[in-house]
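Work through the following exercises with the sequence and the model at hand. Each task is followed by a stepwise solution.

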Amino acid sequence: MSFWEYLGNRHQQLLTDAYQHASAVFQCMVVATLLGVLIGVVTYRSEWAGNLATLTTSTILTIPSLAMIGLLIPMVGLGVPPTVITLTLYGLLPIVRNAIVGLRGVDPSLVDAATGIGMSRPMRLVRVELPLAWPPILTGIRVSTQMLMGIAAIAAYASGPGLGNEIFRGIASLGSKNALNQVLAGTLGIIVLALLFDAAYVLIGRLTIPRGIRV
């Protein structure tokens, strides 16, 4: 069976796996973004706190994804829980680091001006600092998403959702007539999803970042 025939016969299952893969990555990225920006906001004013946050999230990223999932299985079981925890933890580093860098890079004179017109610290953060730090934060989100697209495939090891199941089925049946088709379909599906997500982030950047800041 050719690859195109395989796609035609399995397109419904492949679309389901692709949807589950994209949904898992998207939901984990939302959580990772909220946590990452929050950590950045809490730690960026202190040198040691910012370094500690970056070091901690960097350490998490050094743990092999398969080992992380394997360690979580006895605690949370198979399926979605280990997938969500693993993806969220792995997605933190670029967001935390870029949030800290972006917030520290805001021109102090702008913050002083906001203080001078009576803005409270929370208001300065929401209306001045975070909008100016948004471009590097968005870059961190893009980097995290690309990483998680590949890492999510490993979740199939723990019966997680997504295109990794197609890849693992192909690897488990090496030598069969459709093994290569399964691996190729899962891999290409992940690449296509990664490109679509990245294109969406480019569009979000154009809609949310003023031209002067982009330049």
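**Exercise 1.** Which residues does the UniProt annotation "transmembrane region" cover?

*Solution.* The model is predicted, so local features need pLDDT of at least 70 and side-chain atom pairs pLDDT 80 or more, while totals for chains, interfaces and linings use all residues. Residues are numbered from 1 along each chain as its sequence is written, and side-chain values use heavy atoms, without hydrogens and water. The unreviewed UniProt entry gives 24–44, 51–73 and 179–204; such annotations may be inferred rather than shown by experiment.
Next, take the span 51–73: its end C-alpha atoms lie 30 Å apart, with 91% helix and 0% strand. Helices are DSSP runs (H or I, at least four residues) and strands are E runs of at least two, numbered from the N terminus.

**Exercise 2.** Describe the lining of the largest pocket by element and by residue class.

*Solution.* Step 1: H1 (3–43) and H9 (179–208) each supply at least two lining residues. Step 2: H1 gives the largest share, 6 residues. Step 3: the lining divides into 10 nonpolar, 2 polar (Gly counts as polar) and no charged residues. Among the lining residues are Phe-3, His-11, Leu-163 and Gly-189. A pocket is an open set of points on a 1 Å grid where a 1.4 Å probe fits, with protein on both sides within 12 Å along at least five of seven lines; lining residues have an atom within 4 Å of a point.

**Exercise 3.** How are H4 and H7 oriented to each other?

*Solution.* The axes (lines fitted to C-alpha atoms over the stretch in contact, angles from 0 to 180 degrees between N-to-C directions) of H4 (residues 80–90) and H7 (residues 121–154) come within 10 Å and cross at roughly 150°. H4 and H7 are therefore roughly antiparallel (over 145 degrees).

Definitions and conventions:
Angles under 35 degrees count as roughly parallel, over 145 as roughly antiparallel, 65 to 115 as roughly perpendicular and the rest as oblique.
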